[in-house]
Amino acid sequence: MNKWLMTFFILVIAGLLVGFSDFLPSKDVTVWVFDVGQGDAIFIDAPHKQMLIDGGPDELVLERLAAVMPWWDRSIDIVVNTHPHADHLAGLLPVLERYKVSQVLDADEGYDTPEFAEYLKLANLHRGILAGDVTVDLGDGVHLKTLWPPLAYNDNILEDPNDGSIVFLLEYGQTSILLTGDAGVAEEDLWEVGDIDILKVGHHGSDTSSSQEFIDRIKPEIAVISVGEGNDYNHPSTFVVDRLIRAGAAVFRTDEVGSVRIKMQDDEYFVKTFPF
């Protein structure tokens, strides 16, 4: 074969490999804290499984998922609803309608809203209960340990559904991320967790969460606040933000920086923001 033709074929093959490199197997774990306005939606892309924790208040989560998932991927392995408030639950409804979801997990809190009734209908036979000392295994050493609640709620309606939020400690390699839902100060005191790397700040930065004692105990390097611009609740609290900064944490607010990507490798992590 002519050497110039051989060189051409080599260059074409190399170009194809470079072009498809994003789709080749990787041991990196990516955690997205999506900017979905005043709500929570956290997407975990592990080597073998994908997991969505909450869906925000509306269909915007579909745009966020489309921005980070391959166009042909219409499935999510695990969907979790931390608690039944609409700013965490409502966006899961279109996700459950449009994606093939293998497993839907919650802590069996009861709630009397049309959105929650629709959620139960869509989850149906895929629904499982998550509470107690349970670890969700995403493969290749990616683990989410359930820190709260200690027991399922058996369809009981809590006086404050925030207190029933599912709380995870995500660990991979040398990196740990605490995902707190909207749980409050009283619950924080009960979690068996010490020094961590990254905190998804509780309840959108409200002063009902993130006590000084708690921040002193976990010592986060990075704090991510999922919060809507100009929200009616004045979230996040300036007191909470000041506590985090004084503790040495770099604070990322979705209302200011957009979606936050945390990419984890065996012994390090990288944080980058995106304007969507």
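Visitor: What makes R74 count as a charge over the ring of Y99?
Guide: In this predicted model, the charged end of R74 is 4.6 Å from the centre of the Y99 ring. The cut-off is 6 Å, with a further limit of 35 degrees from the ring normal. The distance of 4.6 Å falls within 6 Å, and R74 is listed as sitting over the ring.

Visitor: Why are D40 and K200 called a salt bridge?
Guide: A nitrogen of the K200 side chain and an oxygen of the D40 side chain are 2.8 Å apart. A salt bridge needs a Lys or Arg nitrogen within 4 Å of a carboxyl oxygen of Asp or Glu, so this pair qualifies.

Visitor: What makes this a link between distant parts of the chain?
Guide: D40 lies in the loop between strand 1 (29-33) and strand 2 (42-45), whereas K200 belongs to strand 11 (residues 198-200). They are 160 residues apart. Both D40 and K200 are buried.

Visitor: How do you know that R127 and D108 form a salt bridge?
Guide: Their N to O distance is 3.1 Å, and the limit is 4 Å, so the pair is counted.

Visitor: Why is R127 called partly exposed, and D108 buried?
Guide: R127 has 28% relative accessibility. That value lies between the cut-offs of 20% and 50%, so R127 is partly exposed. D108 has 14%, which is under 20%, so D108 is buried.

Visitor: Which residues are linked with D108 in a network of salt bridges?
Guide: The network consists of D106, D108 and R127. The search of the whole structure finds six salt bridges.

Visitor: What makes E256 and R253 a salt bridge at 3.6 Å?
Guide: The N to O distance of 3.6 Å is within 4 Å, so E256 and R253 are counted. E256 has a relative accessible area of 57%, which is over 50%, so E256 is exposed.

Visitor: How many aromatic pairs does the search find?
Guide: Eight aromatic pairs are found in the whole structure. One of them is W71 with W72, at 5.8 Å centre to centre and 85° between the planes. The centres are within 6.5 Å and the angle is over 60 degrees, so the pair is edge-to-face. W71 counts as exposed at 74% relative accessibility, and W72 as partly exposed at 47%.

Visitor: Why is the pair of W191 and F214 called edge-to-face?
Guide: The W191 and F214 rings are 5.6 Å apart, centre to centre, with 80° between their planes. The angle is over 60 degrees, so the name applies. W191 is in the loop between helix 6 (185-188) and strand 11, and F214 is in helix 7 (residues 212-218), so the pair ties together parts 23 residues apart in sequence. W191 is buried at 3% relative accessibility, as is F214 at 1%.

Visitor: Which residues do ring pairs link into a cluster?
Guide: The cluster is made up of W32, F34, F43, F274 and F276.

Visitor: How do you know that strand 7 and strand 8 pair?
Guide: Four bridges join strand 7 (residues 135-139) to strand 8 (residues 142-148). Pairing needs at least two bridges, so the strands pair. They run antiparallel, and V136 has L144 as its bridge partner in strand 8. Two residues lie between the strands of this hairpin, and D140 takes a positive phi near 55°.

Note on methods. Residues numbered from 1 in each chain as written. Predicted model: local features only at pLDDT ≥ 70, side-chain atom pairs only at ≥ 80, totals over all residues. Heavy atoms only, no water. Buried < 20%, exposed > 50% of the residue type's maximum accessible area, 1.4 Å probe, protein only. Phe/Tyr/Trp six-rings, centres within 6.5 Å; stacked < 30°, edge-to-face > 60°.
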